[in-house]
Amino acid sequence: MLAAAQEPPDGALVAQARQGDPEAFGELVRRYQASVFNVCYRLLGERTAAEDMAQEAFIRAHSRLNTFDLARPFGPWMRRVAANVCLNHLERPALASLPLDDEVAQTAGTATQDPAAASEAAETTQAVRAAILALPPRYRAVIELRHFQDLSYDEIAEATQSPLGSVKGRLHRARDELAELLRANAYDWELP
């Protein structure tokens, strides 16, 4: 019986992409496109903008592959690139407000749930998303990186190019502000 072909590790793909192999970088994009899109969507709150910034993140990562440390995992590095691209986008003057996508409501419940429970879950999800989007971009970023990407405080400091103490303070203030926004809208919800 033949052994199943193993996919090459990320580091090998990065090395091949550095040598000009477009298929190697294409495989990295395939592996991480969903998680990069999720980072962008959570930070921007709008599907089209998230798609654009995810594409921009991969373009930026490709141009900076020579800065990637092959001894480290590629996924967290790629998601940090995406977060930084989104933060840069958010710091530019806004041309329009960010609408909430109704996809959140579609994914909050399942067909097997009680319709009332599904409706309540969708409403809660939308309230949380709206509250996160109401946070200043730097607070939104630390919430995303810590609670949705599970990065350590050190990794967040590296991703945001901020001192560790600033990251901890920003995260504390972000959580407080998020809780206050949710309480103001009659939701008693806390980040895990």
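This report describes the helices, salt bridges, cysteines and aromatic pairs of a predicted model.

Residues are numbered from 1 along each chain as its sequence is written, and side-chain values use heavy atoms, with hydrogens and water left out. Because the model is predicted, local features need pLDDT of at least 70 and side-chain atom pairs count only at pLDDT 80 or more, while totals for chains, interfaces and linings use all residues.

**Overall build**

The chain has nine helices and zero strands. Here helices (H or I, at least four residues) and strands (E, at least two) are DSSP runs, numbered from the N terminus. From the N terminus on, the order of elements is α-α-α-α-α-α-α-α-α.

Of the 192 residues in the chain, 41% are buried. Buried means under 20% relative accessible area, exposed means over 50%, and partly exposed lies in between (1.4 Å probe, protein chains only). The chain exposes about 11000 Å², and carbon and sulfur atoms supply 51% of this area. Such areas come from the Shrake-Rupley method with a 1.4 Å probe, and for residues only the protein chains shown count as cover.

Contacts (heavy atoms within 4.5 Å) can also be sorted by separation in sequence. Among those between residues at least 6 apart, 62% join residues at least 24 apart.

**Helix H1**

Which residues of H1 are buried? They are Asp10, Leu13, Val14 and Ala17. Seen down the axis of H1, these residues fall within an arc of 100°, so they line one face of the helix. The arc is that of the directions from the helix axis to the C-beta atoms. An α-helix has 3.6 residues a turn, so residues three or four places apart point the same way. The buried residues of H1 pack against H2 and H4. After H1 comes Gly20, which has a positive phi, near 100°.

**Salt bridges**

A salt bridge is a side-chain nitrogen of Lys or Arg within 4 Å of a carboxyl oxygen of Asp or Glu. By this rule the count is nine salt bridges. Three of them are listed here.

| Glu7 | Arg31 | 3.5 Å |

The side chains of Glu7 and Arg31 meet in a salt bridge. Glu7 lies in the segment before helix H1 (10-18) and Arg31 in helix H2 (residues 22-44), so the pair ties together parts that are 24 residues apart in sequence. Glu7 is exposed, at 54% relative accessibility, and Arg31 is partly exposed, at 22%.

Glu27 and Arg30 both lie in helix H2, three residues apart, about one turn of the helix. Glu27 is buried, with a relative accessible area of 18%, whereas Arg30 is partly exposed at 44%. A network of salt bridges links Glu7, Asp10, Glu27, Arg30 and Arg31.

Arg80 lies in helix H4 and is buried, with a relative accessible area of 7%.

**Cysteines**

How many disulfides are there? A disulfide is a pair of cysteine sulfur atoms within 2.5 Å, and by this rule the count is zero. Cys40 is in no disulfide, and the nearest cysteine sulfur, that of Cys86, is 3.4 Å away. That distance is too far for a bond. Cys40 is buried, with a relative accessible area of 0%, and Cys86 is buried at 0%.

**Aromatic pairs**

A pair of aromatic rings is described by the distance of the centres and the angle of the planes. Rings of Phe, Tyr and Trp (its six-membered ring) pair if their centres lie within 6.5 Å; planes under 30 degrees apart count as stacked, over 60 as edge-to-face and the rest as tilted. The whole structure holds six aromatic pairs. In one of them, the rings of Phe25 and Phe58 have centres 6.5 Å apart and planes at 80°, so the pair is edge-to-face. Phe25 lies in helix H2 and Phe58 in helix H3, so the pair ties together parts that are 33 residues apart in sequence. Both Phe25 and Phe58 are buried. Elsewhere, ring pairs link Tyr32, Phe68, Phe74 and Trp77 into a cluster.
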